[in-house]
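Biologist: Hi! I'm new to this one, so could you walk me through it?
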Amino acid sequence: MRVLVAEDHDQLARAVAAGLRRYGMTVDMALDGNAALERLAVSRYDVVVLDRDLPGIHGDEICRNLAAGRSESRVLMLTAASSVKERVDGLGLGADDYLPKPFDFTELVARVQALGRRPGAPQRASLAYRDLALDPGKRVATRAGQPLALSPKEFAVLECLLAADGKPVSAEELLARVWDPAADPFTTTVKATVNRLRAKLGDPPVIQTVREAGYRIGGL
């Protein structure tokens, strides 16, 4: 599942993004309304966690734009306002669900997961390369028909590489998309995860290291 977290409170946005990634989700962040619209223009998201009071372009306007464009992205609206009227107003804008701040993180996760399962939410097509297959919706990866026991991070890395369709994906991009945009760029976390993933995928190898460019699927 791919999620956009649009929240202007930097610490909260990073905490939510990091937490959702622990559940195997691919998460992008936007700290204002302009950045959120830019993200939405170039990427398709299953769920948008949208702070109503975003600076720049207000969250209400973003929600209206998504509804007007018949976007299939589900919207979970966050706000410090908690009155019934404000919740009704938010849902009237086209939001699919509404969660007042402060919120319990486990409830946020449950609501995001529920929205991602709703009929009509965009389902990313299964990804494959030769005898390697990955179903993002079912969270299942197989090789030669045999299921692979992958950790959430390994699954997310494999999903990113397969979605790139043979193009190299840099370690920095993997670090930002699978872990956290603020993660130390000099960490060896990506390399270690890719090495474990290679071992689990077995032979013949399918993940290539591209010098000064990152990693790509290919090589069979």
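Modeller: Happy to; we can go through a strand, a core, a pocket and some backbone details. Keep in mind that this is a predicted model.

Biologist: Let's start with β4. Is that strand buried or exposed?

Modeller: Six of the six residues of β4, which spans residues 74-79, are buried, so the strand is largely enclosed by the rest of the structure.

Biologist: Which way do the residues of β4 point?

Modeller: Arg74, Leu76 and Leu78 point one way, while Val75, Met77 and Thr79 point the other way. All of them are buried.

Biologist: Nice. Now the core: how many residues are in the largest nonpolar core?

Modeller: It has 27 residues. Val157, Leu158, Leu161, Leu174, Leu201 and Ile207 have the most contacts inside it. β7 (132-135), α6 (152-163), α7, α8 and β11 each supply at least two of its residues.

Biologist: Which of those gives the most?

Modeller: That would be α6, with seven residues. In general, nonpolar side chains of soluble globular proteins tend to be buried together.

Biologist: Switching topic: what lines the second largest pocket?

Modeller: There are 14 lining residues, and Ser170, Ala171, Glu172, Gly214 and Tyr215 lie nearest the centre of the pocket. α7 (171-179), α8 (189-201), β10 (207-210) and β11 (214-217) each supply at least two residues of the lining.

Biologist: How much space lies in that pocket, and what classes of residue are in the lining?

Modeller: The space is about 200 Å³. The lining has five nonpolar, five polar and four charged residues.

Biologist: Okay, backbone details. Where are the cis peptide bonds you'd point out?

Modeller: One joins Lys101 and Pro102, with omega about -10°. Pro102 is in the loop between β5 and α5 (105-117). Another runs from Asp203 to Pro204, with omega near -5°, and Pro204 is in the loop between α8 and β10.

Biologist: Why would you point those out?

Modeller: Because most peptide bonds are trans, and likewise most residues other than glycine have a negative phi.

Biologist: So which residues other than glycine have a positive phi here?

Modeller: Two to look at are Asp165, with phi near 55°, and Glu212, with phi of about 60°. Asp165 is in the loop between α6 and α7, and Glu212 is in the loop between β10 and β11.

Biologist: Are Asp165 and Glu212 buried or exposed?

Modeller: Asp165 has 64% relative accessibility, so it counts as exposed, the cut-off being over 50%. Glu212 is exposed too, at 80%.

Biologist: Last one: how far is Asp165 from Ala128?

Modeller: Their C-alpha atoms are 9.1 Å apart in space, although the two residues are 37 residues apart in sequence. Ala128 lies in strand β6 (residues 127-129) and is exposed, with a relative accessible area of 58%.

Note on methods
Residues are numbered from 1 along each chain as its sequence is written. This is a predicted model: local features need pLDDT of at least 70, side-chain atom pairs count only at pLDDT 80 or more; totals for chains, interfaces and linings use all residues. Side-chain values use heavy atoms; hydrogens and water are left out. On a 1 Å grid over the protein atoms alone, a cavity is a set of points where a 1.4 Å probe fits but cannot get out, and a pocket is an open set with protein on both sides within 12 Å along at least five of seven lines; lining residues have an atom within 4 Å of a point. Grid points are joined across faces, edges and corners, and a volume is the space filled by probe spheres set on the points. Helices (H or I, at least four residues) and strands (E, at least two) are DSSP runs, numbered from the N terminus. Ala, Val, Leu, Ile, Met, Phe, Trp, Tyr, Cys and Pro count as nonpolar, Asp, Glu, Lys and Arg as charged, and the others, Gly among them, as polar. Buried means under 20% relative accessible area, exposed over 50%, partly exposed in between (1.4 Å probe, protein chains only). A nonpolar core is a set of buried Ala, Val, Leu, Ile, Met, Phe, Trp, Tyr and Cys residues joined through side-chain atoms within 4.5 Å.
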